[in-house]
Amino acid sequence: MAPLLPGVGDADSGAERAHARKLALAGLALLALAGLSFGLSYLRLAAWALPIALLIAVAKASLVLSCFMEFWREAVSVRLAALTALVMLLLLATFTIADVATRERPPLLPPEQAALTPLTPTGALPP
Amino acid sequence: MNELADHFDSPERQAHAARLGMWVFLGSELLLFAGLFTLYGAYRAKFPAEFAEGVRHSTKLLGSLNTAILLVSSSFAALAVEQLRRARRGRAVALLLATQACGVVFLVLKFMEYSEHFALGIYPGGQGRFFAAHASAHFEPFWTLYFLTTGLHALHVAVGILVLAFTTLALGRGSFGPKFIHPVHNATLYWHLVDLIWIFVWPLYYLA
């Protein structure tokens, strides 16, 4: 059986100090990553701006999950419950955004018909 | 205080049940915000220029300050649990109070942020002179989602402060010892979730 909480009852004060140091370092790393996001927002990254900002956000979220929430030290049942919600979020967002982003494009046409059907500037089929 | 409830045969099972229940709750909270994040993605795919303009109009400095405050507060909350494990109740209480103080500062800055938007005529639901002046543009989706998402998040910050306050009070009265800390751990988990949500709200509405 797992302990009440990971780390509870550790007699080794050196290990406790190391854990506290790890938390402080994680906090500093989070602030550094936030600073990086803030700095990058002033650069002209055009279409890359949002993916890069979200990538840094994922890195920060991973730090919070693993260091502060001790997610990977939880029981399998706990991890499964949380990951299910994350998978549902990704499914919902991916398919909804994919639907909206591709709704105005034409359906797949045979190549010979597609060559005869010029598209409008927005990518939609002509009326 | 009797730490072990009657229907559990061991403290380990009780702690595991409490943590499982908390993580299921956090998962449901994530799904609550999932709808708003999905709407953001869908509308941004439809109105990319309007969303980019909306981000340019948002209060980047205040939003970024709030990011730093929430990250620091999360560090305080995690350190509080660490101190409690080492039976340092006084330090744990101080760190939890510091976490709540950060939450209050966050809400004050949020209030200032909303005040700035209201002064520019940007109100929820596409109301105000800003939208009247840009009648041909589709700015409403960005700002409606902005107020919905940040408002719901601010509500969670307020609830988090209350949860931490009650937990701190109980901790100060000696209700939780070093071997019975999962109520405190669960309260800090809620706070970390609030931080996690903001980590994604910040780039979407303030940066890019």
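Trainee: What percentage of the residues in chain B are buried?

Mentor: First, the ground rules: this is a predicted model, where local features need pLDDT of at least 70, side-chain atom pairs count only at pLDDT 80 or more, and totals for chains, interfaces and linings use all residues. Residues are numbered from 1 along each chain as its sequence is written, while chains are lettered from A and ligands numbered from 1 in the order in which they are written. A residue is buried if 20 or more other C-beta atoms lie within 10 Å of its own, exposed if 12 or fewer, and partly exposed in between, with C-beta atoms placed from the backbone. For the 208 residues of chain B, the buried share is 41%.

Trainee: And what is the pattern of chain B along the sequence?

Mentor: Helices (H or I, at least four residues) and strands (E, at least two) are DSSP runs, numbered from the N terminus. Chain B has 7 helices and 0 strands. Read along the sequence, that gives α-α-α-α-α-α-α.

Trainee: Which helices do the buried residues of α4(B) pack against?

Mentor: The buried residues of α4(B) include B:Leu95, B:Leu96 and B:Phe106, but also B:Lys110 and B:Glu113. Their packing partners in chain B are α3, α6 and α7.

Trainee: How far apart are the end C-alpha atoms of α4(B)?

Mentor: The expected span of a helix is 1.5 Å times one less than its number of residues. Helix α4 of chain B (residues 89–119) has 31 residues, so it should span 45 Å. The model agrees, with the end C-alpha atoms separated by 45 Å.

Trainee: Which residue with a positive phi follows α6(B)?

Mentor: Helix α6 of chain B covers residues 140–172, and its 33 residues should span 48 Å, which agrees with the 47 Å between its end C-alpha atoms. After this helix comes a residue with a positive phi, near 85°, namely B:Gly174.

Trainee: Now the other chain. Are α1(A) and α2(A) roughly parallel or roughly antiparallel?

Mentor: Axes are lines fitted to C-alpha atoms, for helices over the stretch in contact, and angles run from 0 to 180 degrees between N-to-C directions. Helix α1 (residues 13–40) and helix α2 (residues 49–68) of chain A pack at about 170°, with their axes 10 Å apart. Angles under 35 degrees count as roughly parallel, over 145 as roughly antiparallel, 65 to 115 as roughly perpendicular and the rest as oblique. That makes the pair roughly antiparallel.

Trainee: Is A:Leu109 buried or exposed?

Mentor: A:Leu109 sits in the loop between α3 and α4 (111–116) of chain A. There are 12 other C-beta atoms within 10 Å, so A:Leu109 is exposed.

Trainee: How many residues does α1(B) give to the side of chain B that touches chain A?

Mentor: The contact takes 46 residues from chain A and 45 residues from chain B. On the chain B side, α1, α3 (60–85) and α7 (182–207) each supply at least two residues. The one that gives the most is α1(B), with 19 residues.

Terms used. Contact = placed C-beta atoms within 7 Å.
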